[in-house]
Amino acid sequence: MKPIAYVGIDIQFSRLTDEDRRRGLTFLYLYDLPYTDLRAYAGLIITNLVEEQFLLEHKAILDQYLNQGGVIFSLTETSLPWLVGVPEWKRSPIPLKDREIIIKEPIHPLFAGINAYDINYRKGVRGFFSRGYFEKIPLHAEVLVTDQSGATIIYVDRDSTNGTIFAGAGTDIYRVFINEENSSRQLSLHMLSCIREEYKRNQLNGVNAQ
């Protein structure tokens, strides 16, 4: 089973635990990207702890990976066009304490079995999920999560490349709920499962990634 790379800069908030590694996650230092054969990975989780200008300068590497059927799950508050079709991140005008996260129907496997209350509130406090949203997402993208105004927070795009792009408007949803004692703790496992399922689907569809 190919690992999934957790891409970021090497600081405290991006370091992996033994549990992460047992799940098949491996750390990929952002600045090693030009020296890495991404075909070794079933997917990339790109955190918010990245240098976007560096990613933009090496956009061709990410494009090639996607065209080989790769899967990228971006958690970055994007301001530069380094990932196909992902628009600029916008700060929501709705205060965090008033913002409601809505899981769209039909529920995508990423959020299967997860109670929306558990991602709206963390230890009784509201507003950890995302401060922002995306405008003008790719035409055929599937919206997975919005706020109460209908602004897109997470979507999946299977049409812009041969691969799959999940884009989330900020917040590391792999980590933020991982130690919660409610349904939200499943989100990190669901992310990895969805990435692997998308990778498998892309390979079955005939792309040539090895």
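The buried residues of helix 3 pack against strand 3 (43–46), helix 2 (52–57), strand 4 (71–74) and strand 12 (164–168). Buried means under 20% relative accessible area (1.4 Å probe, protein chains only); packing is contact of heavy atoms within 4.5 Å. This is a predicted model, with pLDDT of at least 70 needed for local features and 80 or more for side-chain atom pairs, while totals for chains, interfaces and linings use all residues. Residues are numbered from 1 along each chain as its sequence is written, and side-chain values use heavy atoms, without hydrogens and water.

**Helix 3**
- Helix 3 spans residues 59–67, and its buried residues are Leu62, Tyr65 and Leu66.
- They lie on the same side of helix 3 because their arc around the axis is only 95 degrees, taken from the directions from the axis to the C-beta atoms.
- Helices (H or I, at least four residues) and strands (E, at least two) are DSSP runs, numbered from the N terminus.

**Cavities**
- The whole structure holds two cavities of 30 Å³ or more.
- A cavity is a set of points on a 1 Å grid over the protein atoms alone where a 1.4 Å probe fits but cannot get out; lining residues have an atom within 4 Å of a point.
- Points join across faces, edges and corners, and volume is the space filled by probe spheres set on them.
- The largest cavity has about 50 Å³ of space, and its lining includes Arg99, Arg126 and Phe129.
- The second largest cavity has about 30 Å³, and its lining includes Leu75, Phe129 and Ile173.

Technical notes
Buried means under 20% relative accessible area, exposed over 50%, partly exposed in between (1.4 Å probe, protein chains only). On a 1 Å grid over the protein atoms alone, a cavity is a set of points where a 1.4 Å probe fits but cannot get out, and a pocket is an open set with protein on both sides within 12 Å along at least five of seven lines; lining residues have an atom within 4 Å of a point.
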